Amino acid sequence: VHSFVDAAGYPETLDLLETLVPDDLLMPQNQQHGVLATKAQEWADARATVTLHWMSIRDFDQTAGAEMLRSVVCGDSLDPHFCQRYTVLAGAYCALRFAEKEARSVYQPNTVRVRFVDNQSGAGLIIDRATSAALELLRNARSGSQRESLFGVINHTRTSVGAQKLREFLLQPSADVGTIT
């Protein structure tokens with residue numbers, strides 16, 4: 001589950017989507033004609049691997065999200081800071097409901113592990129689109145070729161998941177000095 005500050009603008013949100021490249025993007029139905037929804041739809045349409053799903057607003061209920069997370073998360077993997085952010089609770093609940101609907105099953109108590117990635121904690125950086133283009137992380141500036149970018153040169157992964165993880169490492173590098181050195 002990723003958290004981004006509530007005040008993030010469209011460019012920051014689209015940069016985060018570009019970094020994560022999720023397979024599924026969940027949006028509330030009641031926002032279907034809003035500016036962000038339109039931009040998200042355009043973004044998803046431009047990528048063959050991303051599917052945009054319009055979810056009921058009830059699936060973004062932070063109270064139900066907190067209750068469900070307390071029930072299904074096992075052990076101590078539920079970060080206390082996680083439960084203090086209503087957007088995270090709403091998003092987590094929606095993601096769990098979506099997964100249940102797709103699998104046609106229900107999560108049992110103590111069966112889910114949660115990893116909370118807080119992009120505002122300073123643990124990692126997010127490289128925006130302009131910086132990525134200037135550094136040619138994903139595309140060569142002259143040819144537009146992915147093969148001639150840093151990603152293309154060092155990508156010797158054998159699976160799409162591995163390539164996605166490498167892309168994530170490039171676009172969300174660690175800010176931890178120990179990790180860097």
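**View 1. The largest nonpolar core of the predicted model.** Eleven residues make up this core, namely Leu14, Leu17, Val21, Leu25, Met27, Ala37, Ala40, Trp43, Ala44, Val50 and Leu52. Two or more residues come from each of α1 (10-20), β2 (24-28) and α2 (35-45), and among these elements α2 gives the most, with 4 residues. In soluble globular proteins, nonpolar side chains tend to be buried together.

**View 2. A second, separate core.** This core has 10 residues, including Ala66, Leu69, Leu89 and Ala92.

**View 3. Asn140 in the loop between α5 (129-135) and α6 (150-154).** Asn140 counts as buried because its relative accessibility is 13%, which falls under the 20% cut-off. When residues up to four places away in sequence are not counted, Asn140 touches Ser145, Glu148 and Ser149. Asn140 and Gly152 are 12 residues apart in sequence, and their C-alpha atoms are 9.2 Å apart in space.

**View 4. Polar atoms of the Asn140 side chain and the backbone.** A polar atom of the Asn140 side chain lies 2.8 Å from the backbone nitrogen of Arg142, and a polar atom of this side chain lies 3.5 Å from the backbone oxygen of Glu148. Glu148 is also one of the residues that Asn140 touches.

How values were computed: Residues numbered from 1 in each chain as written. Predicted model: local features only at pLDDT ≥ 70, side-chain atom pairs only at ≥ 80, totals over all residues. Heavy atoms only, no water. Buried < 20%, exposed > 50% of the residue type's maximum accessible area, 1.4 Å probe, protein only. Contact = heavy atoms within 4.5 Å. Polar contact = N/O pair within 3.5 Å; in protein donor to acceptor, adjacent residues only side chain to side chain. Core = buried A, V, L, I, M, F, W, Y, C linked by side-chain atoms within 4.5 Å.
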